[in-house]
Amino acid sequence: VAKQPALAEQHAAANATILLNQGLERLVSDPEGARNLIEKSVQANPFHVEGHFELGKVYSKLGNYDEAIVSFNRALSNPLYETPSVPLYNMGRAYKAKGDLKGAYASFSEAIRKEPNSHLMFALELNLGVIDYQEGSYREAEKHLTRSNERAPNLAETHYWLGMTQMQLRKRKEAAESFKKVIQLAPESEWEVKSRENLKRL
């Protein structure tokens, strides 16, 4: 008799995994259908961390940012989560998409605090830098963007925002170098067009 609950839990976990995999297979072709399947997955196993994380990603894809944030928080509720920077990064993007820069900044910062060696560090620093720039905190923006650039030196977007920040700090020479780097890294891109325009203003 004592084994019955364990068997039931195993069955629920297996069913949740099947539903999750089915949902992920439909994510590109049928996001709404994928959402329904992954919702059933976490209903079958409320402790399925991966299910909550993937559900958060689906909600974000559908523009349901508040629901996405709830799902990412549920994924993070497991203290043994090995890569907390991943749901925190996605949560930050959800906050940013809904226009909550304070919530986004807090999520990106928490991701760095919890996982300082995350493979997403370049993206976390980039997002913090862009928010600082948008908020007018140019010196802080420069710090974050420089750190992002050190981790991913071939990312044109980082060089662009670093150049924009250097313009605000009246570092004309450094800004010009940043915009030239964008042109080199991303020819025929939106970043190149904007960088050429900014070079003319220097």
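In which helix does Glu174 lie? Glu174 lies in helix α10, where helices are DSSP runs of H or I with at least four residues, numbered from the N terminus.

## Basis of the description

This is a predicted model, in which local features need pLDDT of at least 70 and side-chain atom pairs count only at pLDDT 80 or more, while totals for chains, interfaces and linings use all residues. Residues are numbered from 1 along each chain as its sequence is written, and side-chain values use heavy atoms, with hydrogens and water left out.

With a relative accessibility of 36%, Glu174 counts as partly exposed, a class that lies between buried (under 20% relative accessible area) and exposed (over 50%), computed with a 1.4 Å probe on protein chains only. Glu174 and Gly163 are eleven residues apart in sequence, and their C-alpha atoms are 7.2 Å apart in space.

Arg170 lies in the loop between α9 (156-168) and α10 (172-185), and its phi is near 60 degrees, a positive value in a residue other than glycine. Arg170 is exposed, with a relative accessible area of 73%. In the loop between α10 and α11 (190-201) is Glu188, which also is not a glycine and has a positive phi of about 60 degrees; at 79% relative accessibility, Glu188 counts as exposed.

## Nonpolar cores

A nonpolar core is here a set of buried Ala, Val, Leu, Ile, Met, Phe, Trp, Tyr and Cys residues joined through side-chain atoms within 4.5 Å. The largest such core has 32 residues, and those with the most contacts inside it are Phe53, Tyr89, Met91, Phe108 and Leu124. At least two residues of this core come from each of α2 (31-44), α3 (49-61), α4 (65-76), α5 (85-97), α6 (101-114) and α7 (121-134), and α5 gives the most, with six residues. In soluble globular proteins, nonpolar side chains tend to be buried together.

Leaving aside neighbours within four places in sequence, Tyr89 is in contact (heavy atoms within 4.5 Å) with Phe108, Leu120, Ala123, Leu124 and Asn127. A second, separate core of 14 residues includes Tyr133, Ala141, Trp161 and Met164.

Helices α2 and α3 pack at an angle of about 155 degrees, with their axes 9 Å apart; axes are lines fitted to C-alpha atoms over the stretch in contact, and angles run from 0 to 180 degrees between N-to-C directions. The two helices are therefore roughly antiparallel to each other, the term for angles over 145 degrees. The crossing of α2 and α3 is left-handed, that is, the near helix is turned anticlockwise from the far one by less than a right angle. The contact involves Pro31, Arg35, Ile38, Glu39 and Val42 of α2, together with Gly51, His52, Glu54, Leu55, Val58, Tyr59 and Lys61 of α3. By class, this contact has six nonpolar, two polar and four charged residues, where Ala, Val, Leu, Ile, Met, Phe, Trp, Tyr, Cys and Pro count as nonpolar, Asp, Glu, Lys and Arg as charged, and the others, Gly among them, as polar.

Between α3 and α4 the angle is about 165 degrees, with the axes 8 Å apart, which makes α3 roughly antiparallel to α4. Their crossing is left-handed, and the residues in contact include Phe53 and Tyr59 of α3 and Tyr65 and Phe72 of α4. The residues of the contact of α3 with α4 divide into eight nonpolar, four polar and three charged.

Conventions: Angles under 35 degrees count as roughly parallel, over 145 as roughly antiparallel, 65 to 115 as roughly perpendicular and the rest as oblique.
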